[in-house]
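Subject: Structure for your review

Dear colleague,

Please find below the structure that I am handing over to you. I would be grateful if you could look through it alongside the notes that follow.

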Amino acid sequence: MTQHTLIRGGLVLTAAEEIRADVLIDGERIAAVAAPDVAEGWARGGARIIDASECYVIPGGVDAHTHMEMPFGGTVASDTFETGTRAAAWGGTTTIVDFAVQKIGAGLRETLDDWHAKAEGNCAIDYAFHLILADVNDRTLAELPGLVDEGVSSFKLFMAYPGALYSDDGRILRAMQRCASTGALPMMHAENGIAIDVLVQQALAARRTDPRFHGSTRPALLEAEAVYRAIALARVAGAPLYVVHVSAQEAVEELTRARDLGLNVFGETCPQYLFLSAADLARPDFEGAKYVCSTPLRAEEHQGALWRGLRTNDLSVVSTDHCPFCFAGQKELGRGDFSRIPNGLPGVEHRMDLLHQAVLDGHIGLRRWIELACVTPARMFGLYPRKGALFPGSDADVVIYDPHARHELSVRTHHMNVDYSAYEGRVVTGRARTVLSRGRVVVDDGVYTGVAGHGRYRRRDTCGYLL
Ligand code: URP
Ligand code: ZN
Ligand code: ZN
(Lines give C-alpha, C1' and ligand atoms only; values in the text may rest on other atoms or scores of the structure.)
(Ligands and ions follow the chains in the order given, each with its own letter.)
Protein backbone atom coordinates (compact mmCIF):
# COMPACT_ATOMS: atom_id res chain seq x y z
CA MET A 1 0.00 0.00 0.00
CA THR A 2 1.44 3.39 -0.92
CA GLN A 3 1.73 5.93 1.82
CA HIS A 4 0.01 9.29 1.34
CA THR A 5 1.33 12.35 3.12
CA LEU A 6 -0.45 15.69 3.31
CA ILE A 7 1.55 18.83 4.06
CA ARG A 8 -1.06 21.20 5.37
CA GLY A 9 -1.36 24.87 6.20
CA GLY A 10 1.89 26.27 4.78
CA LEU A 11 2.77 28.96 2.26
CA VAL A 12 3.97 27.14 -0.86
CA LEU A 13 6.90 29.00 -2.36
CA THR A 14 8.26 28.46 -5.84
CA ALA A 15 10.27 30.67 -8.18
CA ALA A 16 6.98 31.86 -9.63
CA GLU A 17 4.40 31.90 -6.84
CA GLU A 18 3.67 32.28 -3.15
CA ILE A 19 0.37 30.49 -2.55
CA ARG A 20 -1.59 29.11 0.37
CA ALA A 21 -1.91 25.49 -0.64
CA ASP A 22 -1.59 21.96 0.63
CA VAL A 23 0.74 19.40 -0.90
CA LEU A 24 -0.24 15.76 -1.32
CA ILE A 25 2.50 13.18 -1.64
CA ASP A 26 1.90 9.70 -2.96
CA GLY A 27 4.85 7.43 -2.18
CA GLU A 28 7.98 9.08 -3.53
CA ARG A 29 6.34 11.75 -5.65
CA ILE A 30 4.17 14.84 -5.42
CA ALA A 31 0.60 13.92 -6.35
CA ALA A 32 -1.09 17.31 -6.16
CA VAL A 33 -0.91 20.87 -4.90
CA ALA A 34 -4.38 22.17 -4.09
CA ALA A 35 -6.42 24.72 -2.20
CA PRO A 36 -6.83 23.79 1.48
CA ASP A 37 -10.60 23.09 1.17
CA VAL A 38 -9.96 20.64 -1.68
CA ALA A 39 -7.18 19.01 0.30
CA GLU A 40 -9.53 18.48 3.27
CA GLY A 41 -10.85 15.35 1.53
CA TRP A 42 -7.35 13.91 1.38
CA ALA A 43 -6.98 14.41 5.13
CA ARG A 44 -10.19 12.49 5.72
CA GLY A 45 -8.88 9.76 3.43
CA GLY A 46 -6.26 8.79 6.01
CA ALA A 47 -3.14 10.57 4.75
CA ARG A 48 -0.34 11.17 7.25
CA ILE A 49 -0.55 14.88 8.10
CA ILE A 50 2.43 17.18 8.43
CA ASP A 51 1.45 20.56 9.83
CA ALA A 52 3.22 23.42 8.05
CA SER A 53 1.43 26.38 9.66
CA GLU A 54 3.61 29.47 10.03
CA CYS A 55 6.10 27.81 7.65
CA TYR A 56 7.07 27.91 4.00
CA VAL A 57 6.73 24.77 1.92
CA ILE A 58 9.57 24.80 -0.61
CA PRO A 59 11.27 22.40 -3.03
CA GLY A 60 14.31 20.72 -1.48
CA GLY A 61 17.54 22.59 -2.16
CA VAL A 62 19.74 21.51 -5.06
CA ASP A 63 23.44 22.05 -4.39
CA ALA A 64 25.12 21.71 -7.78
CA HIS A 65 28.70 21.97 -6.53
CA THR A 66 30.04 19.69 -3.79
CA HIS A 67 33.22 17.70 -3.24
CA MET A 68 32.63 14.82 -0.83
CA GLU A 69 35.81 12.78 -0.20
CA MET A 70 37.70 14.83 -2.78
CA PRO A 71 41.44 14.13 -2.96
CA PHE A 72 43.32 17.44 -2.89
CA GLY A 73 46.90 18.40 -2.09
CA GLY A 74 47.85 15.06 -0.53
CA THR A 75 44.75 14.79 1.65
CA VAL A 76 41.02 14.08 1.21
CA ALA A 77 38.00 16.30 1.93
CA SER A 78 36.73 15.35 5.37
CA ASP A 79 33.05 14.78 4.59
CA THR A 80 32.24 11.38 3.16
CA PHE A 81 29.18 10.90 1.00
CA GLU A 82 27.47 9.64 4.16
CA THR A 83 28.34 12.52 6.49
CA GLY A 84 28.14 15.23 3.83
CA THR A 85 24.73 14.27 2.46
CA ARG A 86 23.38 13.93 6.01
CA ALA A 87 24.58 17.46 6.78
CA ALA A 88 23.03 18.67 3.50
CA ALA A 89 19.69 17.18 4.57
CA TRP A 90 19.88 18.94 7.93
CA GLY A 91 20.18 22.21 6.03
CA GLY A 92 17.27 21.58 3.65
CA THR A 93 19.26 20.43 0.63
CA THR A 94 17.87 17.24 -0.89
CA THR A 95 20.04 16.82 -3.99
CA ILE A 96 23.75 17.29 -4.54
CA VAL A 97 25.70 17.20 -7.77
CA ASP A 98 29.23 16.13 -6.82
CA PHE A 99 32.39 15.97 -8.93
CA ALA A 100 34.06 12.74 -10.00
CA VAL A 101 37.74 13.64 -10.45
CA GLN A 102 39.74 12.16 -13.33
CA LYS A 103 43.33 11.30 -12.44
CA ILE A 104 46.00 11.90 -15.07
CA GLY A 105 46.13 8.76 -17.20
CA ALA A 106 42.74 7.47 -16.05
CA GLY A 107 39.73 6.98 -18.30
CA LEU A 108 36.39 8.68 -17.75
CA ARG A 109 34.52 5.39 -17.34
CA GLU A 110 36.79 4.16 -14.53
CA THR A 111 36.65 7.61 -12.89
CA LEU A 112 32.88 7.51 -12.81
CA ASP A 113 32.91 3.93 -11.53
CA ASP A 114 35.21 5.00 -8.68
CA TRP A 115 32.84 7.77 -7.64
CA HIS A 116 29.81 5.49 -7.85
CA ALA A 117 31.63 3.13 -5.49
CA LYS A 118 32.21 5.92 -2.98
CA ALA A 119 28.60 7.15 -3.04
CA GLU A 120 26.43 4.09 -3.59
CA GLY A 121 24.66 2.88 -0.46
CA ASN A 122 25.95 5.79 1.60
CA CYS A 123 23.90 8.85 0.75
CA ALA A 124 21.05 10.31 2.78
CA ILE A 125 19.66 12.24 -0.20
CA ASP A 126 19.74 11.89 -3.97
CA TYR A 127 22.93 12.65 -5.84
CA ALA A 128 24.30 13.07 -9.34
CA PHE A 129 27.74 13.62 -10.82
CA HIS A 130 29.67 16.07 -12.93
CA LEU A 131 33.11 14.95 -14.05
CA ILE A 132 36.37 16.89 -13.75
CA LEU A 133 38.37 16.49 -16.94
CA ALA A 134 42.02 16.60 -15.85
CA ASP A 135 43.50 14.71 -18.80
CA VAL A 136 41.97 15.78 -22.11
CA ASN A 137 43.17 13.57 -24.96
CA ASP A 138 41.78 11.60 -27.92
CA ARG A 139 40.91 8.61 -25.77
CA THR A 140 39.10 10.52 -23.03
CA LEU A 141 37.26 12.77 -25.50
CA ALA A 142 36.00 9.67 -27.27
CA GLU A 143 34.54 8.46 -23.96
CA LEU A 144 32.69 11.68 -23.19
CA PRO A 145 29.44 11.04 -25.13
CA GLY A 146 29.02 7.69 -23.33
CA LEU A 147 29.06 9.48 -19.99
CA VAL A 148 26.44 11.96 -21.16
CA ASP A 149 24.23 8.95 -21.97
CA GLU A 150 24.72 7.82 -18.36
CA GLY A 151 23.55 11.11 -16.96
CA VAL A 152 26.84 12.92 -16.53
CA SER A 153 26.07 15.91 -18.73
CA SER A 154 28.54 18.53 -17.45
CA PHE A 155 32.33 18.56 -17.35
CA LYS A 156 34.55 20.82 -15.30
CA LEU A 157 37.84 22.13 -16.67
CA PHE A 158 40.54 23.94 -14.73
CA MET A 159 42.54 26.96 -15.90
CA ALA A 160 44.29 26.79 -12.48
CA TYR A 161 46.54 24.23 -10.73
CA PRO A 162 49.24 23.57 -13.38
CA GLY A 163 50.68 20.09 -12.98
CA ALA A 164 47.50 18.75 -11.41
CA LEU A 165 44.02 19.57 -12.71
CA TYR A 166 45.07 22.26 -15.23
CA SER A 167 44.22 22.16 -18.93
CA ASP A 168 45.85 24.49 -21.45
CA ASP A 169 43.75 26.48 -23.91
CA GLY A 170 44.09 23.86 -26.66
CA ARG A 171 42.77 21.11 -24.44
CA ILE A 172 40.01 23.33 -23.18
CA LEU A 173 38.97 24.16 -26.73
CA ARG A 174 38.92 20.49 -27.71
CA ALA A 175 36.87 19.54 -24.65
CA MET A 176 34.43 22.37 -25.31
CA GLN A 177 34.03 21.27 -28.92
CA ARG A 178 33.19 17.77 -27.74
CA CYS A 179 30.73 19.16 -25.19
CA ALA A 180 29.11 21.25 -27.94
CA SER A 181 28.63 18.24 -30.19
CA THR A 182 27.13 16.08 -27.41
CA GLY A 183 24.91 18.67 -25.69
CA ALA A 184 27.07 18.67 -22.55
CA LEU A 185 27.77 21.78 -20.50
CA PRO A 186 31.41 22.79 -19.90
CA MET A 187 32.05 24.21 -16.43
CA MET A 188 35.09 26.36 -15.79
CA HIS A 189 37.36 27.02 -12.83
CA ALA A 190 38.45 30.37 -14.22
CA GLU A 191 41.74 31.62 -12.81
CA ASN A 192 44.98 32.10 -14.74
CA GLY A 193 46.94 29.37 -12.95
CA ILE A 194 50.19 29.90 -14.88
CA ALA A 195 50.43 33.56 -13.82
CA ILE A 196 49.23 32.70 -10.29
CA ASP A 197 52.03 30.16 -9.90
CA VAL A 198 54.60 32.87 -10.69
CA LEU A 199 53.12 35.14 -8.01
CA VAL A 200 53.02 32.26 -5.52
CA GLN A 201 56.71 31.43 -6.08
CA GLN A 202 57.65 35.11 -5.73
CA ALA A 203 55.67 35.44 -2.49
CA LEU A 204 57.22 32.31 -0.96
CA ALA A 205 60.73 33.45 -2.00
CA ALA A 206 60.05 36.72 -0.16
CA ARG A 207 58.94 34.72 2.93
CA ARG A 208 55.34 35.82 2.57
CA THR A 209 53.99 32.50 3.75
CA ASP A 210 50.81 33.34 5.74
CA PRO A 211 47.34 32.31 4.52
CA ARG A 212 46.49 35.87 3.46
CA PHE A 213 49.04 35.58 0.64
CA HIS A 214 46.87 32.86 -0.86
CA GLY A 215 44.50 35.75 -1.67
CA SER A 216 47.02 38.34 -2.83
CA THR A 217 48.65 35.88 -5.24
CA ARG A 218 45.29 35.20 -6.92
CA PRO A 219 44.24 38.74 -7.90
CA ALA A 220 40.79 39.54 -9.23
CA LEU A 221 42.23 40.47 -12.63
CA LEU A 222 43.53 36.93 -13.12
CA GLU A 223 40.04 35.63 -12.45
CA ALA A 224 38.49 38.14 -14.86
CA GLU A 225 41.09 37.41 -17.55
CA ALA A 226 40.35 33.69 -17.30
CA VAL A 227 36.59 34.27 -17.45
CA TYR A 228 37.09 36.38 -20.59
CA ARG A 229 39.31 33.70 -22.17
CA ALA A 230 36.90 30.89 -21.24
CA ILE A 231 34.04 32.80 -22.84
CA ALA A 232 36.10 33.37 -26.00
CA LEU A 233 37.02 29.68 -26.21
CA ALA A 234 33.39 28.64 -25.67
CA ARG A 235 32.28 31.00 -28.46
CA VAL A 236 34.86 29.51 -30.83
CA ALA A 237 33.74 26.00 -29.87
CA GLY A 238 30.03 26.88 -30.16
CA ALA A 239 29.49 25.66 -26.59
CA PRO A 240 27.58 27.10 -23.66
CA LEU A 241 29.60 27.85 -20.54
CA TYR A 242 29.02 27.73 -16.78
CA VAL A 243 31.63 29.54 -14.69
CA VAL A 244 31.89 28.14 -11.16
CA HIS A 245 32.62 29.95 -7.89
CA VAL A 246 32.75 33.49 -9.26
CA SER A 247 34.14 35.81 -6.59
CA ALA A 248 35.40 39.03 -8.22
CA GLN A 249 33.51 42.08 -9.45
CA GLU A 250 35.68 42.14 -12.59
CA ALA A 251 34.71 38.54 -13.35
CA VAL A 252 31.01 39.37 -13.02
CA GLU A 253 31.57 42.22 -15.47
CA GLU A 254 32.90 39.74 -18.05
CA LEU A 255 29.82 37.55 -17.56
CA THR A 256 27.53 40.55 -17.90
CA ARG A 257 29.21 41.61 -21.14
CA ALA A 258 28.82 38.11 -22.59
CA ARG A 259 25.22 37.76 -21.51
CA ASP A 260 24.40 41.19 -22.93
CA LEU A 261 25.60 39.79 -26.27
CA GLY A 262 23.01 37.02 -25.81
CA LEU A 263 25.54 34.25 -25.22
CA ASN A 264 24.74 31.08 -23.28
CA VAL A 265 27.16 31.97 -20.49
CA PHE A 266 26.18 31.42 -16.87
CA GLY A 267 27.77 32.23 -13.54
CA GLU A 268 27.65 30.62 -10.13
CA THR A 269 28.71 32.12 -6.84
CA CYS A 270 28.83 30.67 -3.32
CA PRO A 271 27.82 31.86 0.16
CA GLN A 272 31.46 32.29 1.24
CA TYR A 273 31.95 35.05 -1.35
CA LEU A 274 28.75 36.76 -0.23
CA PHE A 275 29.23 36.57 3.53
CA LEU A 276 33.00 36.23 4.13
CA SER A 277 35.93 38.28 2.89
CA ALA A 278 39.71 38.67 2.61
CA ALA A 279 39.61 39.95 6.20
CA ASP A 280 38.83 36.36 7.27
CA LEU A 281 41.75 35.08 5.23
CA ALA A 282 43.97 37.56 7.11
CA ARG A 283 42.98 36.28 10.58
CA PRO A 284 46.06 35.91 12.80
CA ASP A 285 47.68 32.75 14.21
CA PHE A 286 47.13 30.74 11.03
CA GLU A 287 43.33 30.98 11.57
CA GLY A 288 43.16 32.39 8.04
CA ALA A 289 43.87 28.87 6.75
CA LYS A 290 40.25 28.01 7.55
CA TYR A 291 39.28 30.45 4.79
CA VAL A 292 41.62 29.27 2.03
CA CYS A 293 39.67 28.36 -1.09
CA SER A 294 40.00 29.13 -4.79
CA THR A 295 38.87 31.41 -6.23
CA PRO A 296 39.87 33.24 -3.03
CA LEU A 297 37.75 35.32 -0.70
CA ARG A 298 37.87 38.92 -1.90
CA ALA A 299 37.76 42.36 -0.28
CA GLU A 300 34.26 43.14 0.98
CA GLU A 301 33.75 45.67 -1.86
CA HIS A 302 33.24 42.78 -4.31
CA GLN A 303 30.15 41.57 -2.48
CA GLY A 304 27.95 44.36 -3.85
CA ALA A 305 28.70 43.25 -7.43
CA LEU A 306 27.89 39.63 -6.54
CA TRP A 307 24.55 40.53 -4.97
CA ARG A 308 23.75 42.71 -7.97
CA GLY A 309 24.67 39.85 -10.32
CA LEU A 310 22.34 37.56 -8.41
CA ARG A 311 19.51 40.06 -8.81
CA THR A 312 20.10 40.66 -12.54
CA ASN A 313 20.67 36.95 -13.30
CA ASP A 314 24.23 37.58 -14.52
CA LEU A 315 24.85 35.10 -11.70
CA SER A 316 22.21 32.38 -11.91
CA VAL A 317 23.06 29.83 -9.23
CA VAL A 318 24.31 29.75 -5.65
CA SER A 319 26.08 26.49 -4.84
CA THR A 320 28.39 25.81 -1.91
CA ASP A 321 31.58 24.36 -3.44
CA HIS A 322 31.50 22.36 -0.20
CA CYS A 323 35.04 20.99 0.15
CA PRO A 324 35.84 20.72 3.87
CA PHE A 325 39.24 20.12 5.39
CA CYS A 326 39.75 19.95 9.15
CA PHE A 327 41.95 22.65 10.67
CA ALA A 328 43.85 20.03 12.69
CA GLY A 329 46.00 17.88 10.46
CA GLN A 330 44.65 19.13 7.13
CA LYS A 331 44.67 22.94 6.89
CA GLU A 332 47.76 22.72 9.11
CA LEU A 333 49.67 21.07 6.26
CA GLY A 334 50.26 24.62 5.06
CA ARG A 335 51.86 26.12 8.17
CA GLY A 336 54.86 28.06 6.88
CA ASP A 337 53.73 27.71 3.23
CA PHE A 338 50.24 28.89 2.28
CA SER A 339 50.47 27.05 -1.05
CA ARG A 340 50.25 23.75 0.83
CA ILE A 341 46.96 24.58 2.57
CA PRO A 342 44.26 22.37 1.02
CA ASN A 343 41.80 24.57 -0.84
CA GLY A 344 38.17 24.48 0.18
CA LEU A 345 35.52 25.49 2.70
CA PRO A 346 32.68 23.65 4.43
CA GLY A 347 29.17 24.93 3.75
CA VAL A 348 26.71 22.36 2.41
CA GLU A 349 24.58 22.62 5.55
CA HIS A 350 24.21 26.39 5.58
CA ARG A 351 23.41 27.52 2.03
CA MET A 352 19.62 27.58 2.35
CA ASP A 353 19.74 29.48 5.66
CA LEU A 354 22.34 32.02 4.56
CA LEU A 355 20.34 32.77 1.43
CA HIS A 356 17.15 33.09 3.45
CA GLN A 357 19.03 35.55 5.64
CA ALA A 358 19.92 37.41 2.43
CA VAL A 359 16.17 37.72 1.78
CA LEU A 360 15.67 39.20 5.24
CA ASP A 361 18.63 41.53 4.67
CA GLY A 362 17.04 42.79 1.43
CA HIS A 363 19.63 41.45 -1.02
CA ILE A 364 17.24 39.17 -2.93
CA GLY A 365 13.50 38.44 -2.93
CA LEU A 366 11.82 35.37 -1.48
CA ARG A 367 11.09 33.74 -4.84
CA ARG A 368 14.58 34.54 -6.08
CA TRP A 369 15.90 32.55 -3.09
CA ILE A 370 14.05 29.50 -4.40
CA GLU A 371 15.15 30.18 -7.95
CA LEU A 372 18.85 30.45 -7.08
CA ALA A 373 18.98 27.55 -4.64
CA CYS A 374 16.49 25.03 -6.04
CA VAL A 375 14.96 25.74 -9.45
CA THR A 376 17.83 27.02 -11.59
CA PRO A 377 20.45 24.50 -10.43
CA ALA A 378 17.96 21.73 -11.22
CA ARG A 379 17.22 23.17 -14.67
CA MET A 380 20.84 24.04 -15.42
CA PHE A 381 21.96 20.48 -14.73
CA GLY A 382 19.12 18.48 -16.25
CA LEU A 383 17.24 17.49 -13.10
CA TYR A 384 14.15 19.67 -13.52
CA PRO A 385 11.22 19.13 -12.89
CA ARG A 386 12.07 15.94 -11.01
CA LYS A 387 14.03 18.17 -8.64
CA GLY A 388 13.65 21.84 -7.78
CA ALA A 389 9.87 21.83 -8.30
CA LEU A 390 6.65 20.98 -6.51
CA PHE A 391 4.70 19.83 -9.53
CA PRO A 392 2.54 16.70 -9.71
CA GLY A 393 5.06 14.00 -10.68
CA SER A 394 8.10 15.78 -9.18
CA ASP A 395 10.10 13.84 -6.62
CA ALA A 396 8.66 14.55 -3.18
CA ASP A 397 11.76 16.44 -2.03
CA VAL A 398 10.07 19.00 0.15
CA VAL A 399 11.24 21.27 2.96
CA ILE A 400 8.97 22.73 5.59
CA TYR A 401 10.95 25.86 6.36
CA ASP A 402 10.42 27.90 9.52
CA PRO A 403 11.28 31.50 8.56
CA HIS A 404 11.21 32.67 12.19
CA ALA A 405 13.65 30.19 13.77
CA ARG A 406 16.78 32.02 14.92
CA HIS A 407 19.90 29.94 15.37
CA GLU A 408 23.62 30.28 15.59
CA LEU A 409 25.97 28.62 13.10
CA SER A 410 28.70 26.83 15.00
CA VAL A 411 30.99 23.83 14.99
CA ARG A 412 29.21 22.85 18.23
CA THR A 413 25.91 22.34 16.43
CA HIS A 414 26.61 21.68 12.76
CA HIS A 415 26.55 18.17 11.28
CA MET A 416 29.38 18.45 8.76
CA ASN A 417 32.42 16.31 9.52
CA VAL A 418 34.82 19.19 10.01
CA ASP A 419 36.36 20.68 13.15
CA TYR A 420 35.47 24.34 12.55
CA SER A 421 32.70 26.50 11.17
CA ALA A 422 33.56 29.20 8.63
CA TYR A 423 30.53 31.07 10.02
CA GLU A 424 31.23 30.52 13.74
CA GLY A 425 28.89 32.60 15.91
CA ARG A 426 26.83 34.05 13.04
CA VAL A 427 23.13 34.19 13.93
CA VAL A 428 20.66 33.58 11.12
CA THR A 429 16.89 33.56 11.01
CA GLY A 430 15.23 30.65 9.21
CA ARG A 431 15.72 26.93 9.40
CA ALA A 432 14.57 23.73 7.71
CA ARG A 433 12.15 22.19 10.22
CA THR A 434 11.05 19.07 8.35
CA VAL A 435 12.84 17.67 5.30
CA LEU A 436 11.48 15.01 2.96
CA SER A 437 13.59 13.17 0.43
CA ARG A 438 11.48 11.26 -2.12
CA GLY A 439 8.60 11.19 0.33
CA ARG A 440 10.62 9.98 3.31
CA VAL A 441 11.01 12.32 6.28
CA VAL A 442 14.77 12.57 6.82
CA VAL A 443 14.85 15.48 9.27
CA ASP A 444 11.99 16.01 11.68
CA ASP A 445 12.10 18.98 14.02
CA GLY A 446 15.68 18.58 15.20
CA VAL A 447 15.86 14.80 14.80
CA TYR A 448 17.59 12.99 11.95
CA THR A 449 15.32 10.20 10.70
CA GLY A 450 17.04 9.35 7.43
CA VAL A 451 19.29 6.43 6.59
CA ALA A 452 22.48 6.05 4.62
CA GLY A 453 21.58 4.45 1.32
CA HIS A 454 18.18 6.09 0.90
CA GLY A 455 19.77 8.56 -1.52
CA ARG A 456 19.85 7.34 -5.12
CA TYR A 457 22.00 8.22 -8.10
CA ARG A 458 20.02 10.36 -10.53
CA ARG A 459 20.92 10.40 -14.20
CA ARG A 460 20.76 13.91 -15.55
CA ASP A 461 19.42 15.14 -18.87
CA THR A 462 21.39 17.74 -20.79
CA CYS A 463 21.32 21.37 -19.68
CA GLY A 464 17.77 22.71 -19.61
CA TYR A 465 18.63 26.36 -19.16
CA LEU A 466 19.99 27.69 -22.41
CA LEU A 467 18.85 31.22 -23.29
O1 URP B 1 38.99 25.81 -3.10
C2 URP B 1 38.18 25.11 -3.71
N3 URP B 1 37.26 25.69 -4.44
N4 URP B 1 38.25 23.76 -3.61
C5 URP B 1 37.47 22.83 -4.30
C6 URP B 1 37.94 22.55 -5.68
C7 URP B 1 37.46 23.59 -6.67
O8 URP B 1 38.29 24.21 -7.32
O9 URP B 1 36.26 23.78 -6.82
ZN1 ZN C 1 37.16 25.11 -8.84
ZN1 ZN D 1 34.64 23.08 -6.38
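The notes below take the ligand site and then the sheet.

Please bear in mind that this is a predicted model.

Ligand site

Ligand 1 sits in the largest cavity. Around ligand 1 stand His 65, His 67, Lys 156, Phe 158, His 189, His 245, Cys 293, Ser 294, Asp 321, Cys 323, Asn 343 and Gly 344. By class, this shell comprises 3 nonpolar, 7 polar and 2 charged residues.

- His 67 places a polar side-chain atom 3.2 Å from an oxygen atom of ligand 1.
- His 189 likewise has a polar side-chain atom 3.0 Å from an oxygen atom of ligand 1.
- Ser 294 contributes a backbone N or O atom, which lies 2.7 Å from a nitrogen atom of ligand 1.

The exposed area of ligand 1 taken alone is 270 Å², and the protein buries 100% of that.

Sheet

An open sheet is formed by 8 strands with parallel pairing, in the order S8-S11-S12-S13-S14-S15-S16-S17. Strand S8 (61-66) and strand S17 (317-318) stand at the edges; each has a single partner strand, so one side of each is left without a neighbour in the sheet.

Within the sheet, strand S14 (residues 185-189) pairs with strand S15 (residues 241-243) in the parallel sense, over 2 bridges. Met 187 has Tyr 242 in S15 as its bridge partner.

Yours sincerely

Methods. Residues are numbered from 1 along each chain as its sequence is written. Chains are lettered from A and ligands numbered from 1 in the order in which they are written. This is a predicted model: local features need pLDDT of at least 70, side-chain atom pairs count only at pLDDT 80 or more; totals for chains, interfaces and linings use all residues. Side-chain values use heavy atoms; hydrogens and water are left out. A residue is near a molecule or strand if one of its heavy atoms lies within 4 Å of it. A polar contact is a pair of N or O atoms within 3.5 Å; within protein, one must be able to donate a hydrogen and the other to accept it, and residues adjacent in sequence count only if both atoms are side-chain atoms. Accessible areas come from the Shrake-Rupley method with a 1.4 Å probe; for residues, only the protein chains shown count as cover. On a 1 Å grid over the protein atoms alone, a cavity is a set of points where a 1.4 Å probe fits but cannot get out, and a pocket is an open set with protein on both sides within 12 Å along at least five of seven lines; lining residues have an atom within 4 Å of a point. A molecule sits in a cavity or pocket if more than half of its atoms lie within 2 Å of its grid points. Ala, Val, Leu, Ile, Met, Phe, Trp, Tyr, Cys and Pro count as nonpolar, Asp, Glu, Lys and Arg as charged, and the others, Gly among them, as polar. Two strands pair if DSSP finds at least two bridges between them. Helices (H or I, at least four residues) and strands (E, at least two) are DSSP runs, numbered from the N terminus.
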